[in-house]
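Here are some quick notes to read with the model open.

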Amino acid sequence: MAKRAYYEEMEQMIATTQPGSTLLLHSCCGPCSTVALERLGGHFAVTLYFYNPNILPEDEYQRRVETQKLVVEGIPTRYPVTLLEGPYDVAAFVAATRGLEAEPEGGARCVNCFTFRLEEAARLAQQQGFDYFGTTLTTGPMKDAELLNGIGEAVSVRYGVAHLPADFKKVGGHQRSVALSEELGLYRQRYCGCKPTA
C-alpha cells in the first residue's frame, strides 16, 4: 500500500482553512520548530506547546526550553506565536513507558512516548478551544511520519479536535531547519530525549 503524502495533505488543509485559525503545535525542540513555524506562521495563530518530560537530565531539558524561546523570538510570522511550556513531569513519562526501557530507538517505547505527548497536546487543545493541533516531530529525518500522523489522527478522534497532518522533513524541510538553526545560533541536541548517546 502506498504511503500517504502528509505534506501535501497539510498544504490542502491550509488552503481551505480560515487564515488566522488557532493551532496548538506540540514542539519536540527548537530546531524542529523552526521550519514548522516558517511554514505555518503565515496561516495560523500558533501556540507552541513544549511538552517533553521525556528529556533527561533536567539541565538538558532546561537548555532546550531556552533554545525554544530563541526560536519564537527569531522566526518572523504573519500571525502571533505564543510559547506554552507544559509540566516537566518525568514520573508521568516513566509511567507511560514502564516495561519498555530496553526497547531500541524507534521501538515500542518511542510509540508510547509519542502517544503520551500527542494525547496531552490534543487534550489541551480541546480544553482551550483550539481549531487544530499537531506536532513538529516529523521534522526529524529519523521520525516516521506515518506513525506520528496515525497517532495524531487517533487522539484527534478521542478528543474531538482536528489534527493537522504534516511531514515537515519533506520539500527540504530538515535541511532548512539545520540552516535556520545555524542562522539563529541554536543549540542542536544529539539525542531525542530519554537515552543520551555519544
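**Notes on the cysteines and helix α3**

1. Cys 194 counts as partly exposed, at 24% relative accessibility (partly exposed lies between buried, under 20% relative accessible area, and exposed, over 50%, with a 1.4 Å probe and protein chains only). Its sulfur is 6.2 Å from the closest cysteine sulfur, in Cys 110, too far for a bond.

2. A word on the source: this is a predicted model, where local features need pLDDT of at least 70, side-chain atom pairs count only at pLDDT 80 or more, and totals for chains, interfaces and linings use all residues. Residues are numbered from 1 along each chain as its sequence is written, and side-chain values use heavy atoms, with hydrogens and water left out.

3. How many disulfides are there? Taking a disulfide as a pair of cysteine sulfur atoms within 2.5 Å, the count is zero. Cys 113 is in none, with the nearest cysteine sulfur, that of Cys 192, 6.3 Å away. Cys 113 is buried, at 7% relative accessible area.

4. On to helix α3, residues 58–74 (helices are DSSP runs of H or I, at least four residues, and strands runs of E, at least two, numbered from the N terminus). Its 17 residues reach 24 Å from first C-alpha to last, close to the 24 Å expected at 1.5 Å a residue (the expected span is 1.5 Å times one less than the number of residues).

5. Which residues of α3 are buried? They are Glu 60, Tyr 61, Arg 64, Val 65, Thr 67, Gln 68 and Val 71.

6. The buried residues of α3 pack against α2 (30–40), β2 (44–50) and β3 (81–85), contact meaning heavy atoms within 4.5 Å. The face turned away from that buried side carries the exposed residues Asp 59 and Glu 73.
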